[in-house]
Amino acid sequence: MNYRTYTLDNGLQILAECNDQAHTSAFGFFVRAGSRDETSEISGVSHFLEHMVFKGTPNRSAAEVNLQLDEMGSSSNARTGEESTIYHASVLPEFQSDVVELLTDIMRPSLRLEDFETEKKVIVEEIMMYADQPPYGGYEQIMDAFFGDHPLGQSVLGTVQSVTELTPEAMRDYFRTRYSPSNMVLAAAGKIDFDALVTSVKQQCGLWQNFEASREPVRPNFNSGFATLHKPNSHQQYILQLSPGASMENADRFASRVAATILGDDAGSRFYWEFLDSGLAESAGVGANEYQGCGSIMTVVCCDPEEAQNNLSRMKNVIQKAVEDGVTEKELTMAKKKIASHILLASERTETRMFSVGTQWLNRQEFRTPEQIADVYANVTLDEVNTALKTYPMDDPMTVVIGPRDDLVPA
Amino acid sequence: MKQQTILTHQFANGLTLIGQPMPWLQSAAFAISVPAGSRYDDAEKIGTANFLCEMVQRGCGDHDSRQFVEALQMMGVDFSSSAGNYHTHYGGALIASELLPALGITAEVLRRPHLPAGQLEEGRMVCLQEIAATSDDLPQKAMSRMKARFYGDPDGRDSDGTIESIQAITLEDLQDFHQRLYQPDGLIIAVAGQFDFNAVVDEVGKLFDDWQRNPSPAVVETPPSKGIEHIQFESEQTHIVVGFNGCTYTDENYYLNRCAIGVLSDGMSSRLFTEVREKRGLCYTVFASNHSVKDNAGVFCYSGTSTARAQETLDVIVEQLRELGNGVTAAELKRLKIQIRSGLVAQQESCRSRANAINSNWFHLGRVRTLDEILENINAMTVDGVNDYLSKHPPADFSLVTLGSEALSLRDVEPV
């Protein structure tokens with residue numbers, strides 16, 4: 001395993017974890033562009049742009065992009081979040097130069113009007129698909145309520161209206177503020193011919209113009225409160241809570257993630273015994289989300305509507321007890337075992353390795369091997385976990401409840 | 001492709017152990033199938049296998065409920081279980097050194113569960129929660145209804161059961177089901193990853209070879225109803241499932257059918273993706289895949305589409321299914337083969353994928369297809385062969401399930 005890097009003159013970095021024993025190769029463009037970079041007029045543009053990247057360039061039509069990806073046997077996809085857009089493809093090593101040529105080409109999309117208007121319909125269908133799924137818009141609502149005016153509160157998909165009103169020109173303007181070569185990386189893992197990769201990328205991307213792409217890491221004023229989204233034909237009741245958590249920069253983020261595992265993973269956590277083993281909830285979990293400059297902890301419980309009011313109280317009590325009394329050495333040991341196992345299993349897949357390389361750059365411009373990351377977790381102490389619980393006590397959350405109940409009140 | 005060795009050991013009581021070493025990994029995975037699936041549930045008490053799967057984990061051997069969960073955590077095993085049609089499945093992936101202990105504790109679950117009366121009602125509530133979860137999962141609800149109509153009973157059975165059937169199940173029902181159905185004849189243990197097969201054979205022998213076999217009971221079959229069903233529900237999208245005859249794993253045409261359905265649905269240049277999503281923007285999700293329950297198989301096509309456009313989506317899907325009957329092109333087959341090859345190579349990175357695959361192979365075929373063999377079979381497919389198959393077995397006689405605020409018509413498109 002060999003970690004190699006190269007930076008073009010225009011700031012584009014190539015980061016590759018090269019493994020000659022691997023039988024596949026994975027590549028991805030990781031761009032610092034997400035819903036937090038949008039204004040309300042262009043809400044959904046990062047995600048729509050993600051779709052449009054696959055819809056053709058000056059050199060190839062949308063149909064040709066699809067055809068060629070399939071001809072390489074590529075397993076490819078893309079995703080957009082609050083802070084990043086990721087485009088990735090995994091292929092057999094013999095297709096390295098083909099897939100790199102295609103990926104670098106599509107990162108300068110044409111945004112042709114006909115393709116734009118057709119793909120708009122696909123995105124409207126996607127919005128409707130999620131509207132039919134739990135938590136029925138509850139996630140967008142709680143992010144908006146929790147973050148208030150801060151851009152992290154903006155919806156990734158946008159609304160039917162904001163997406164319908166988008167134009168190729170607005171998208172082009174947005175592209176020119178974010179898709180700078182110094183604001184993205186090309187990550188690779190698996191069986192990589194690194195020298196050939198550098199040559200290809202220099203040839204294909206060497207003329208990309210660098211420009212500054214800034215992002216204001218303004219600290220949010222987190223909101224707390226309680227809101228109801230009434231959905232009469234849902235069978236289950238969904239409870240979402242958001243509280244402040246560790247940011248990507250905070251040193252205590254590892255201890256906080258361990259705390260979230262002990263408090264709310266799906267096998268043996270405090271939430272597991274309180275809600276899942278007892279059959280009081282269908283699902284119940286706690287997870288940390290880290291952003292640039294801030295973070296959150298999300299709690300989700302899904303249950304029978306009749307049990308929802310009691311569950312709100314139970315959630316409060318379980319969290320309060322963990323924060324006040326701390327967790328035990330035994331719980332810490334079990335959490336570490338689970339995390340170590342998870343890291344090992346993930347490290348065996350080439351695609352996961354590529355994601356790790358790219359995501360680590362997005363988050364902190366660094367690279368640590370799975371072994372190094374496993375070590376960090378192994379060294380987390382009980383004191384650090386209990387301190388993290390007190391630092392992020394989840395005692396005044398923003399709560400949104402979604403489902404047939406319209407009479408629930410805070411615990 | 002890396003070296004593929006399949007090792008097997010047959011125990012006298014009918015239990016089969018299969019292993020595929022993947023020594024380049026540091027992990028291992030196991031996939032265990034007990035021949036105690038929902039097809040053996042009493043017709044009034046569907047969900048028994050599922051309820052039992054929940055209850056056997058509430059204390060077993062020397063471990064009470066909490067000790068069992070803690071033991072799994074200390075092994076760091078990502079443990080999963082589920083009740084299927086023919087089997088109840090137990091499996092996990094973990095660091096290689098914990099494989100034998102994980103098999104040990106799973107043996108306790110299978111052979112010496114406590115089935116504590118004091119936790120019966122908690123277990124029942126967990127089952128009811130699973131039913132409620134499906135009620136809010138509209139695509140799954142539509143697909144579940146299609147399988148019920150298409151296969152009849154018990155092949156099309158939903159292992160979760162219903163609220164009524166779960167409420168009817170007693171502790172005695174669970175004890176009886178366990179005693180009769182949890183036995184070694186037809187039980188499959190598959191392991192993949194890093195392990196010493198001789199050591200695994202020894203351990204599995206210690207854990208299971210004194211287990212008495214019991215013959216699997218006969219089941220009463222109810223023929224399929226097929227046809228058209230609409231589930232009225234106020235939703236943004238209409239969820240559509242179209243079904244037609246597929247191929248079982250033992251069908252001589254299995255690979256020909258695989259290629260035909262691959263052209264229809266694999267990859268972004270496939271027919272359904274291109275015609276329904278790319279060209280017309282009618283949906284976000286559209287796919288078709290071959291599904292099999294041992295002796296029965298169907299191809300099920302799904303799409304979710306806004307209600308106003310749902311009839312058009314259905315029309316386009318049906319048109320594409322009819323068109324497939326006219327054959328595939330050389331270019332389509334060529335790129336499908338490369339996609340399949342890529343997928344097979346990627347499978348070598350995951351011991352969990354291989355453990356599940358070899359387990360399933362054994363059940364359906366009585367042997368394991370190595371990745372090399374699958375690749376050979378795929379490469380042997382020709383355009384003429386696939387098209388000959390399609391001309392004799394064109395997609396036809398469609399069943400339809402829709403879920404949404406308006407029913408749809410299955411308009412018969414005349415064959416060209």
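**Close-up views of a predicted two-chain model**

**View 1. Helix H9 (residues 254–265) of chain B meets helix H15 (residues 383–392) of chain B.** In this predicted model, B:Leu256, B:Asn257, B:Cys259 and B:Ala260 of H9(B) are in contact with B:Gly385, B:Val386, B:Tyr389 and B:Leu390 of H15(B). The two helices pack at an angle of about 90°, and their axes lie 9 Å apart. Since angles of 65 to 115 degrees count as roughly perpendicular, H9(B) is therefore roughly perpendicular to H15(B). Classified by residue type, their contact comprises six nonpolar, two polar and no charged residues.

**View 2. Five strands of chain B form an open sheet with mixed pairing.** The strand order is S7-S11-S8-S10-S9. Strands S7 (228–232) and S9 (286–293) of chain B stand at the edges with a single partner strand each, so one side of each has no neighbour in the sheet. On average, neighbouring strands of this sheet are turned by 15° against each other, direction ignored. Within the sheet, S8 (residues 237–245) and S11 (residues 399–404) of chain B pair in the antiparallel sense over five bridges; B:Val241 has B:Val401 of S11(B) as its bridge partner.

**View 3. Helices from both chains pack on the sheet of chain B.** Helix H4 (residues 113–131) of chain A touches S8 and S10 (296–306) of chain B, and its direction makes about 105° with that of S10(B). Helix H5 (residues 138–151) of chain B touches S7, S8, S9, S10 and S11 of chain B; the direction of H5(B) makes about 150° with that of S11(B).

**View 4. The contact between the chains takes 46 residues from chain A and 50 residues from chain B.** On the side of chain A that touches chain B, helix H2 (62–71), strand S5 (85–91), H4 and helix H12 (329–347) each supply at least two residues. H4(A) gives the most, with nine residues. By class, this side of chain A has 15 nonpolar, 17 polar and 14 charged residues.

**View 5. Strand S10 (residues 295–303) of chain A is mostly covered, with nine of its nine residues buried.** In a regular strand, side chains alternate between the two faces of the sheet. Here A:Gly295, A:Ile297, A:Thr299, A:Val301 and A:Cys303 point one way, whereas A:Ser296, A:Met298, A:Val300 and A:Cys302 point the other way. S10(A) pairs in the antiparallel sense with S8 (residues 237–245) of chain A over nine bridges, and A:Leu242 has A:Met298 as its bridge partner. S9 (residues 283–290) of chain A pairs with S10(A) in the antiparallel sense over eight bridges, with A:Val286 opposite A:Thr299. The hairpin of S9(A) and S10(A) has four residues between the strands, and A:Gly293 takes a positive phi near 90° there.

How values were computed. Residues are numbered from 1 along each chain as its sequence is written. Chains are lettered from A and ligands numbered from 1 in the order in which they are written. This is a predicted model: local features need pLDDT of at least 70, side-chain atom pairs count only at pLDDT 80 or more; totals for chains, interfaces and linings use all residues. Two strands pair if DSSP finds at least two bridges between them. Axes are lines fitted to C-alpha atoms, for helices over the stretch in contact, and angles run from 0 to 180 degrees between N-to-C directions. Two residues are in contact if their C-beta atoms, placed from the backbone, lie within 7 Å. Ala, Val, Leu, Ile, Met, Phe, Trp, Tyr, Cys and Pro count as nonpolar, Asp, Glu, Lys and Arg as charged, and the others, Gly among them, as polar. Angles under 35 degrees count as roughly parallel, over 145 as roughly antiparallel, 65 to 115 as roughly perpendicular and the rest as oblique. A residue is buried if 20 or more other C-beta atoms lie within 10 Å of its own, exposed if 12 or fewer, and partly exposed in between; C-beta atoms are placed from the backbone.
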